[in-house]
Each structure stands twice: as structure tokens, then as C-alpha cells.
Amino acid sequence: MTDFRDVTAEHRYEQGFTDADGEIRRVWADYAVQGDRRAILHVEAEDELRGSGAAGKFMQSLADHARAEGHKLTPVCGYAVAWFRRHKDQADVVG
């Protein structure tokens, strides 16, 4: 797993995870800036990571990052909405 990154120029969060063949693949989320909020528009994992749990680990990193930065997240993407519904302990970063 690589460090979580905020690629601000692209309005994208991303993180790398090792696939079954040992290759680093990415999970990312595109976002829109709305003051101190970040609307999570789309979350996607490279095909080689699907079903590996990498997207869930990424979402936890995203919540931790938002908390550390003082941002609130507005999940728009269906995956992000569902993840936050399943992880009510992360509700403090949802706004």
C-alpha cells in the first residue's frame, strides 16, 4: 500500500495497493471543492483490485485524511454513500 495522496490540481484523492501479481494499482476518488467540504463524485479501483477490499481501505484512508485536514465529505458516488452507511463510526467527517 502506498501513502494516500491528495492530487489537488486534478481534484483527486488516490492511493496505491498491491494486486495479486505484486503490481501497484490505484484506487481513486474524484472530488469537487465546496468551501471546507469535498463532494466525493466518483470512486474507482483499477480492475485488478476489484474484490480485494482495496476500495474499502482507501475509503478509510479518505475519512482519516478528511478528519486530519478538517474537511467534511459529501458522498455523492453510490459506493461512497454505501460505505459511509456501513461505517457509521466515520460519520463525524460526513457533512
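Start with β4, helix α1 (residues 54-69) and β5, which make a right-handed β-α-β unit. Right-handed here says that, with the strands pointing away from you, the path from the first strand over the helix to the second runs clockwise. Helices (H or I, at least four residues) and strands (E, at least two) are DSSP runs, numbered from the N terminus.

A word on what you have loaded: this is a predicted model, in which local features need pLDDT of at least 70 and side-chain atom pairs count only at pLDDT 80 or more, while totals for chains, interfaces and linings use all residues. Residues are numbered from 1 along each chain as its sequence is written, and side-chain values use heavy atoms, leaving out hydrogens and water.

Next, select residues 37-45 and 72-75: these are β4 and β5, parallel strands joined by 4 bridges. Pick R38 and you will find L73 of β5 opposite.

Now show all the strands. They form an open sheet of 5, ordered β1-β2-β3-β4-β5 with mixed pairing; two strands pair if DSSP finds at least two bridges between them. At the edges sit β1 (5-7) and β5, each pairing on one side only. From one strand to the next, the twist averages 35 degrees.

Move to β2 (residues 12-18) and β3 (residues 24-34), an antiparallel pair with 7 bridges. Here Y13 faces A29 in β3.

Finally, bring back the helices. α1 lies across β1, β2, β3, β4 and β5, at about 135 degrees to β2, with contact taken as heavy atoms within 4.5 Å. Helix α2 (residues 78-86) lies across β4 and β5, running at about 120 degrees to β5. Angles run from 0 to 180 degrees between N-to-C directions, and axes are lines fitted to C-alpha atoms, for helices over the stretch in contact.
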